Amino acid sequence: MKKWEKNIRRVVPYTPGEQPNEPNMIKLNTNENPYPPAPGVRRMLKEIKEEQFRLYPDPTSSVLTEALAECYHRPKEQFFVGVGSDDVLAMAFQTFFNSDKPILFPDITYSFYPVWADLFRIPYERPALDKEFRVVKEDYLRENGGIIFPNPNAPTGIYMELDQVEEIIRRNQDVVVIVDEAYVDFAGASAMELTDRYENLLVVQTFSKSRSMAGMRIGFAVGNPVLIRYLNDVKYSFNSYTMSQAALALGAAAVKDEDYFKETIRRIVETRERTKKELSALGFRFPDSGSNFIFASHETCPAKELFEALRGHQIYVRYFEEPRVCDYLRITVGTDEQMDALLAFLREYINEKG
Ligand code: PMP
C-alpha cells in the first residue's frame, strides 16, 4: 500500500443490478415499471424552458413538495425530496443514526443498508428473518440506536400489516424508525398516517417503481416537520441543489394524475397475481409478494442455473449469491407479454430437464 493510500476511506460499495441495453431484451432485474409515466409528464417535458437549464433549482424544491402535499393531503413541511429514495435514505442514515448503540435492520433486506452504515460508521445488528422470511417483531424491541426496514421487504416482497409496523414504532419512541416504502403502492396501507401520531417516524417512498420514473431519480420522505428540518439541515450541509429543475417539474406533473397511477398499479398487481399462479404450477415456491416482484425458488432446478439460462436468452432477472437467498430469483413483474415470454421459457427449460 502506498503512503497516500493509508488515509483513504475504504468502502465495499453497493452493487446495483445491471442495466443492459439490448433491443429485444426482457428486463425484469431492477424492479422498474414496464408502463410509461403519467401522460402529464411528457406534456411537462415539452414545456421545460431554457431558464430551467440556466438557473439553479429552488433549493427548497417547493414545486415538488407542494405537489406531494396536495397529493397526500398533508402540509408541505412534512415532505423532504431527493435524488431517488437512495439519496433520501442516505441522508436519513447520516442525520438520524448517530448513536453508539447499534441500529437494527433484518439480515435479509435491501443490501444498501449495511453499505451506508459502514460508510457513515454506524454500528448495526441484523436480526434474522424467520424461516418463512418474515420479520420477527420481537427482535426490534431491544435497546438500539435506530431502526430501518422496508415494507414490503426486499427482496422477499413480504408486506407487514400496519398494526405490526405500528407496534415496532410505538415501542421504539426514543429512536428514529425509518420505514422504507419503495414498494408499498403495490401492497396495502402506508405508514404515512402514523407520522401524525409518532414524531420519531420517517416514511420514505420513491417515484422509481409505482410512478415509472426510475430514470429521473425522485424519492421523498414524510415525517413530522421537526424531523424533516433535521434532514434539511444535513442536506444543506452537503449539497443544496440535489434535484435538477427538470426532475422537480416532471415529478410534480407525475403526482397530479391519480387515475393513471391507480390504473398502472392495478395492471401490475393483476399480472403479478396471474404470474404467481403460473409459477406455482411450474414448481416454484415463493413468499406471498405485495410488491412488483416475486422472489421465487424452484423445487428441483437451482436458481443460479435458471438465472444464467434466462440471461442467455436475454431475459434478465436478479440473482443474489448470498447465504439463505442463493436459491431464489427475484423476478420483476413486467407486462403480460413479458411475463408470458418468461413463463414460456421456464416451462420449456424445466420440462426438458425432466
Ligand atoms: N429501497 C428499496 C427497498 C429498494 O429496493 C430500492 C430500489 N433499489 C430503493 C429503496 C431505492 O430506489 P430509488 O433510489 O430508485 O428510489
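This is a predicted model: local features need pLDDT of at least 70, side-chain atom pairs count only at pLDDT 80 or more; totals for chains, interfaces and linings use all residues.

Colleague: Why is Asn 292 called buried?

Modeller: Its relative accessibility is 0%. Buried means under 20% relative accessible area, exposed over 50%, and partly exposed in between (1.4 Å probe, protein chains only). So Asn 292 counts as buried. Asn 292 sits in the loop between β9 (284-285) and β10 (293-298). Helices (H or I, at least four residues) and strands (E, at least two) are DSSP runs, numbered from the N terminus.

Colleague: What does Asn 292 touch?

Modeller: Its contacts, meaning heavy atoms within 4.5 Å, include Asn 31, Glu 32, Tyr 183 and Phe 186. Residues up to four places away in sequence are not counted.

Colleague: How do you know that Asn 33 is buried?

Modeller: Asn 33 has a relative accessible area of 11%. It is in the loop between β1 (26-27) and α1 (39-47).

Colleague: Which backbone atoms does the side chain of Asn 33 reach?

Modeller: It reaches the backbone nitrogen of Tyr 35 at 3.0 Å. It also reaches the backbone oxygen of Lys 209 at 2.8 Å. Among the residues in contact with Asn 33 is Ser 212.

Colleague: What sets the backbone of Ser 212 apart?

Modeller: Its phi is near 60°, a positive value in a residue other than glycine. Most residues other than glycine have a negative phi, and most peptide bonds are trans. Ser 212 lies in the loop between β7 and β8. It is buried, with a relative accessible area of 14%.

Colleague: What about phi at Gln 314?

Modeller: Gln 314 has a positive phi of about 60° and is not a glycine. Gln 314 counts as partly exposed, because its relative accessibility is 29%.

Colleague: How do you know that the span of α7 agrees with expectation?

Modeller: The expected span is 1.5 Å times one less than the number of residues. Helix α7 (residues 225-236) has 12 residues, so it should span 16 Å. Its end C-alpha atoms are 16 Å apart, which agrees.

Colleague: Which residues of α7 are buried, and why are they said to share a side?

Modeller: Leu 227, Ile 228, Leu 231 and Lys 235 are buried. They cover an arc of only 95° around the axis, so they lie on the same side of α7. That arc is taken from the directions from the helix axis to the C-beta atoms. On the other side of α7, Arg 229 and Tyr 230 are exposed. The buried residues pack against β2 (79-82), α4 (84-96), β7 (201-206) and β8 (219-223).

Colleague: How much area do domain 1 and domain 2 bury between them?

Modeller: About 1,900 Å², 62% of it on carbon and sulfur atoms. Buried area is the accessible area (1.4 Å probe) that two parts lose on being put together, summed over both. The domains are 25-36 + 259-353 for domain 1 and 39-256 for domain 2, with bounds from an automatic or database domain assignment. Their C-alpha centres lie 26 Å apart. The contact takes 25 residues from domain 1 and 25 residues from domain 2.

Terms used. Residues are numbered from 1 along each chain as its sequence is written. Side-chain values use heavy atoms; hydrogens and water are left out. A polar contact is a pair of N or O atoms within 3.5 Å; within protein, one must be able to donate a hydrogen and the other to accept it, and residues adjacent in sequence count only if both atoms are side-chain atoms.
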